[in-house]
Amino acid sequence: MLRVGLIQLCAGRDPQANLQATEALVRQAAGEGARFVLTPEVTNCATSARAHQAAVLHPQETDPTLARLRQLAAELGIWLLIGSLGIKTTDADGRYANRSFMIGPDGALRAHYDKIHMFDVQVSASETYRESASYRPGNRAVLCQTDFAAVGMTICYDLRFAHLHRALAQAGAQILTVPAAFSPVTGAAHWQVLLQARAIETGCFVLAPAQTGLNDTHNGAQRRTYGHSMVVAPWGEVLLDAGTAPGAYCIDLDLAQVEQARLRVPALGHDRSFDGPDHV
């Protein structure tokens, strides 16, 4: 059995305060026996205000949240997925990377992944997001080999792109990670069903730690996130739904279920090329 711990945060715009909350919950999960602990998207800073990002974000090499969480993983002897951090880049347009990190139990950085799909949507007349205004998209899928499973790394809006998760599973992923900061509107409508679909399509466990509640984003402005961190089994069962309270949520996974699900429906090996679609 693999015991995992999903950290559900209500992060704000202060990276130091977010780090303190994250560290306490990671310690709690490790204390409850979790060997693999996961935090949500934008663990360090939940804001899209460019001026504030410029003031508080750092390059990867000097980011204090990354440095401290690497130390913590080594201290606790756990695998730690930092769902994502806002990271300064050298891009000419000044945009940041929305970057997920896999840290080994020795504190070493084992893999990192930059979110590929940007959340540029108008959910309603009053709710619009333009993630690409602050963050530049990545262009490479990432599979990390741990000592317990191969882990395919994705972030939030990537969830809607089935081909990314299928490619990861066909490359060997047994676990897919989907750290998120989902909106309440799309969360209520699509979060659970999409997580179940990705699990069923790939025969993977899907682990999705999430932001929750009213996130203080900048100068009194707030953004509400959906919560409901989830674990979904390869056959599609929801094994864990964390609801909306911040906390550390732990559960045991039987990784043998991956092979069992794929033997029952071996769809990953049934791809066929096709022509079209034709316009008729």
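Residues are numbered from 1 along each chain as its sequence is written. Because the model is predicted, local features need pLDDT of at least 70 and side-chain atom pairs count only at pLDDT 80 or more, while totals for chains, interfaces and linings use all residues; side-chain values use heavy atoms, without hydrogens and water.

Helix H1 covers residues 15-31 (helices are DSSP runs of H or I with at least four residues, strands runs of E with at least two, both numbered from the N terminus). The buried residues of H1 include Leu19, Val26 and Ala30 (buried means under 20% relative accessible area, with a 1.4 Å probe and protein chains only). Ala30 touches Leu76 and Ile78, leaving aside residues up to four places away in sequence (contact means heavy atoms within 4.5 Å). Just after H1, Gly33 adopts a positive phi of about 95°.

Turning to the rings, the whole structure holds 6 aromatic pairs (Phe, Tyr and Trp rings, the last by its six-membered ring, with centres within 6.5 Å; planes under 30 degrees apart are stacked, over 60 edge-to-face and the rest tilted). Phe36 and Phe148 make a tilted pair, 5.1 Å centre to centre with 40° between the planes. These two residues are 112 residues apart, with Phe36 in strand S2, and both are buried. The planes of Phe119 and Tyr157 meet at 65°, with ring centres 5.2 Å apart, so this pair is edge-to-face.

Definitions and conventions:
Buried means under 20% relative accessible area, exposed over 50%, partly exposed in between (1.4 Å probe, protein chains only).
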